[in-house]
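Let's take a friendly look at the aromatic rings of this predicted model.

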Amino acid sequence: MQDLGKKVIYQIYPKSFYDSNGDGIGDLRGIIEKLDYIEKLNVDMIWFNPFFVSPQNDNGYDISDYYQIDPLFGTMEDFEELQSKLEKLGIDVMLDMVLNHCSTEHEWFKKALAGDKEHQKYFYLRPAKEDGSLPTNWVSKFGGPSWERFGNTELYYLHLYDKTQADLDWHNQKTRDELATVVDFWCKKGVRGFRFDVINVIGKARELVDSNGKNERALYTDTPVVHDYLKELNQKSFGKYPNSITVGEMSSTSVENCIKYSNPKEHELSMVFTFHHLKVDYQDGKKWTKTPFDFMKLKQILTEWQLQMATNGGWSSVFWNNHDQPFALSRFGDPVNYREKSAEMLATAIHLLRGTPCIYQGEEIGMIDPEYDGIEDYVDVEAINAYGELLAQGYDEAQAFDVVKSKARDNSRVPMHWTSGKNAGFSHGTPWLRPTDQERINVEDELAHGEIFAYYQKLIALRKNDDVIACGGFLPLLEDDEKVFAYVRTLEASGKANARKILVLNNFFGEKYEVRIPDEFCGKCRVVISNYERDFCYLGEVLSLEPYEALAVEI
């Protein structure tokens with residue numbers, strides 16, 4: 001656990017990082033050209049979103065060839081050069097593996113369509129019900145039914161996501177063997193990190209049944225067989241290679257299952273990636289709504305997961321941002337009045353937790369959601385479908401767009417802001433997605449005059465150099481406080497009398513706030529990190545926190 005606790009992962013969305021050839025799309029050579037920037041952060045591993053061959057119906061998560069680099073992003077030689085240069089910098093590669101489904105353009109699906117009985121077993125193919133209705137009433141996560149006609153046959157194939165993403169049937173041993181061979185292929189190339197997309201939905205039953213309207217996700221999520229499949233995948237691929245690090249993206253999961261997925265004794269995965277804390281601005285649990293985030297619920301979720309995972313030997317990737325979420329700064333901070341301070345506070349709250357922090361490109365310079373004018377600015381199929389569904393529910397165009405604008409995945413997929421110039425310095429051509437706000441938020445200006453990037457550097461250094469942060473325990477504090485997220489990281493030394501404790505205080509709001517410090521934490525202290533100038537050496541009973549102040553002290 002200690003090694004995982006000292007590591008920091010940086011996520012790159014290749015399509016939006018840097019375009020080297022002017023076609024408007026980021027590529028591998030573009031990443032190579034920006035390695036000096038990545039080196040400054042001092043991260044340990046880069047998670048790359050998929051750059052395999054794909055029709056790009058879901059931005060690369062619809063893979064049609066697991067073994068080849070999509071020409072859109074470059075060549076295998078580009079990848080090998082990138083990997084080699086990262087290795088010299090002491091940075092490992094983490095590939096995004098989409099093993100729950102593949103593109104309907106994949107040769108497996110094409111062979112199945114052509115009548116190959118063996119490859120038809122790779123997919124969930126089912127006939128209609130006797131009344132002619134679809135095999136089940138399941139709904140796709142991208143909207144609409146989760147079944148599509150299988151060519152000109154009387155069968156239908158399952159797709160939990162887009163209709164061009166056919167779910168793979170893991171009950172079939174040959175399917176599992178093929179997927180393990182894919183992972184092993186990249187292991188043999190020296191890749192030591194894998195992030196497995198929605199991996200906990202691979203355990204669908206052999207006999208698929210209708211949902212009663214409330215239990216649909218439970219029918220295919222976190223089923224017991226997922227653990228068996230992961231153990232087998234571990235044994236046949238990444239588990240054969242020392243120092244492999246794996247992250248499982250867990251959809252609608254439970255803490256009990258995540259403990260098993262990530263406990264080293266189970267030989268499944270290194271850590272889990274969960275989203276419960278990012279659903280606290282969902283009204284009645286529905287994503288496509290707009291409501292202020294529930295701070296107390298956020299605290300409760302973060303605290304519960306920290307305690308349960310620590311107590312039972314599980315491990316989490318801790319994060320605010322990724323390619324599937326709007327920027328956290330726009331959701332939980334104040335990008336207008338306190339952009340720098342709220343960005344730093346959010347970073348502190350996550351980076352000092354127990355787990356392995358993951359930074360998404362752009363958050364380290366305080367990027368925020370783009371200022372788009374209409375649905376035509378968005379590309380993502382999920383956002384476009386959601387907009388249509390909201391209109392069908394009776395929303396007018398302005399209302400529907402307002403909701404989509406607050407939750408769209410494209411919000412964080414906007415091109416990286418390198419300069420204040422045209423296209424944010426991302427491309428000499430027309431970017432696939434339009435950047436905004438680059439005049440005031442960009443790498444060039446941040447490195448020259450900003451404070452957020454430097455603050456991230458301090459947090460990363462702190463994790464690498466302080467065992468309390470890297471591998472210490474977690475204790476919640478001030479759980480009923482309605483403004484401050486507080487906790488204590490602890491590490492036993494030779495005895496309890498010598499235990500080290502770091503108190504972390506995060507003011508989640510834009511007003512000064514007086515927080516009462518429990519007696520046991522009052523007294524002499526050392527400032528570990530703060531996003532305001534703090535040099536005191538004594539903590540009293542009452543501490544006045546500045547707007548969006550983050551403060552960590554050793555007591």
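Phe109 is buried, with a relative accessible area of 3% (buried means under 20%, exposed over 50%, partly exposed in between; 1.4 Å probe, protein chains only). Phe123 is buried too, with a relative accessible area of 3%, and Tyr157 is buried at 6%.

In this predicted model, local features need pLDDT of at least 70 and side-chain atom pairs count only at pLDDT 80 or more, while totals for chains, interfaces and linings use all residues. Residues are numbered from 1 along each chain as its sequence is written, and side-chain values use heavy atoms, leaving out hydrogens and water.

A search of the whole structure gives 38 aromatic pairs. Rings of Phe, Tyr and Trp (its six-membered ring) pair if their centres lie within 6.5 Å; planes under 30 degrees apart are stacked, over 60 edge-to-face, and the rest tilted.

| Pair | Centre to centre | Angle between planes | Type |
|---|---|---|---|
| Phe109 and Phe123 | 5.1 Å | 85° | edge-to-face |
| Phe109 and Tyr157 | 5.0 Å | 75° | edge-to-face |

Phe109 lies in helix H5 (residues 107-113) and Phe123 in the loop between helix H6 (117-120) and strand E7 (125-127), so their pair ties together parts 14 residues apart in sequence. Tyr157, in strand E9 (residues 155-158), is 48 residues from Phe109. Helices (H or I, at least four residues) and strands (E, at least two) are DSSP runs, numbered from the N terminus.

Elsewhere, ring pairs link a cluster whose members include Phe293, Trp320 and Tyr487.
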